[in-house]
Amino acid sequence: MTREEKFLEKLFNKYYRSKGSTIFAPSMIEKREFAFIFFGKEGMLRHVSYRSVEELKGFISTHTPKHVYYSSAYYKYPSMDSMDEKIWEGADLVFDIDADHIPTDCKEEHDFWICTSCNLSGKGTPPSKCPKCGNEKLDSLKWICNKCLDAAKSEVEKLLDILLDDLGFKEQEIKVFFSGHRGFHIHVESEYIRDLGQDARREIIDYIEGRGLDIKLFRRGDVLDIGPDRSGWRKRLFQFLIEFLSEEEDPLTLSNKVGISKRSAERVIRVKEDLLKVILSNPVEWRVIVRSLGERTFERIVNYVVNRNVPSIDERVTIDTKRLIRLPGSLHGKTGFKVQAVDFSNIWDFNPVEHACVFPDYEISLKLKRPVPSQIFGVTLDSKKERIKVPLYLAVYLLGNGGATLD
Ligand SMILES: [Zn+2]
Ligand SMILES: [Zn+2]
């Protein structure tokens with residue numbers, strides 16, 4: 001085990017033994033599989049089960065894992081080694097929203113690449129090969145900022161809207177957790193979804209992402225049945241179109257974004273204002289829209305507004321009925337942040353340093369090993385210096401990510 005790992009393990013242990021540590025007990029804990037990764041050890045300990053949260057807490061505080069996971073699934077025999085012997089009895093519905101998958105401009109500022117051969121590094125998205133030595137193996141160093149986290153929050157909001165309004169889950173069936181790193185996990189526990197297999201879960205994704213949405217299905221004779229007083233996609237599409245038609249855009253940008261010819265884009269810009277009136281009127285006249293835009297162009301626009309507005313979720317996580325997910329209340333081994341429950345109403349107030357940080361802020365000295373952004377969580381880092389002094393929580397974050405070593 002490296003010095004750094006020993007240091008982190010000691011800090012994690014102190015936290016897990018403290019009164020302030022809050023391990024969350026998943027419902028029906030005795031039916032869940034638990035899994036652990038430890039400091040300084042390869043691989044994952046799997047197929048562990050507990051009869052109570054006290055037993056689980058006892059294990060965590062004596063063995064101090066680096067990462068703790070539990071199964072979204074319920075099993076009859078969760079500690080059996082083979083999946084078949086476990087006997088699957090259902091699973092929660094889980095969503096993963098990660099800033100990593102959401103394009104934000106700030107990534108060009110705070111992410112780096114580094115050549116594994118000559119150590120040359122640079123900002124932003126890695127080039128296809130190292131400009132100095134031609135090596136194609138480049139490591140990415142990804143960091144988080146508030147802008148990235150805000151982007152993830154806005155995706156959480158979109159998803160919650162659909163889960164509550166369209167799919168009819170109750171607030172108490174949904175829990176939102178900060179993942180401890182770059183995003184949020186949304187857990188839905190409800191008897192209505194527990195038995196669903198992969199295909200059914202994929203259909204839920206399709207609905208959320210508006211995949212295969214055909215605008216003609218919303219047509220009732222001469223009327224396009226969308227509006228602010230409708231529900232689900234009829235309401236959402238209305239909002240998306242209003243937003244789109246209120247934007248100013250030049251023909252070239254519009255044609256590129258929407259995937260229509262420049263001539264069609266010019267036409268869209270010409271009729272935009274009238275079209276806005278049509279969409280805002282009741283009923284919305286299908287004929288008028290098609291006459292001014294053409295059916296194909298309108299379909300392209302619908303496609304475009306749907307795609308740019310649907311929540312960005314990692315669908316593999318949701319479809320998987322045997323997923324291991326991070327245990328709320330446990331610490332993320334790469335960041336030291338706690339997997340923290342976030343109130344629906346307070347999503348925008350949430351910030352990791354204030355709400356998911358369990359370590360004090362006295363300063364310790366580190367040696368920088370790899371490129372770091374000039375600012376993390378509001379703390380300015382002088383990345384040109386070899387040695388830096390940072391608050392302990394940030395030190396844990398930098399050590400866990402491999403950005404620094406102990407001085
Ligand atoms: Zn190189
Ligand atoms: Zn960012």
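Visitor: How do you know that two strands pair?

Guide: Two strands pair if DSSP finds at least two bridges between them. This is a predicted model, in which local features need pLDDT of at least 70, side-chain atom pairs count only at pLDDT 80 or more, and totals for chains, interfaces and linings use all residues. Residues are numbered from 1 along each chain as its sequence is written, chains are lettered from A and ligands numbered from 1 in the order in which they are written, and side-chain values use heavy atoms, with hydrogens and water left out.

Visitor: What makes β17 and β20 a pair?

Guide: Strand β17 (residues 363-368) has five bridges to β20, in the antiparallel sense, and the criterion asks for at least two. Strands here are DSSP runs (E, at least two residues). The open sheet runs β20-β17-β21, and β20 (387-391) and β21 (404-406) are edge strands because each pairs on one side only.

Visitor: Why is the arrangement around the zinc ion (ligand 1) called tetrahedral?

Guide: Four donors count as tetrahedral if all angles lie between 85 and 135 degrees. Here they subtend 104 to 116°, so the arrangement is tetrahedral.

Visitor: What makes C115, C118, C130 and C133 donors?

Guide: Donors are N, O and S atoms within 2.8 Å of the metal (3.2 Å for Na, K and Ca). The SG atoms of these residues lie 2.3 Å from the zinc ion (ligand 1), so they qualify.

Visitor: Is C130 buried or exposed?

Guide: Buried means under 20% relative accessible area, exposed over 50%, partly exposed in between (1.4 Å probe, protein chains only). C130 has 3%, so C130 is buried, whereas C118, at 23%, is partly exposed.

Key. Helix = DSSP H or I, 4+ residues; strand = E, 2+ residues; numbered from the N terminus. Tetrahedral: all angles 85-135°; square planar, octahedral: opposite > 155°, others 65-115°.
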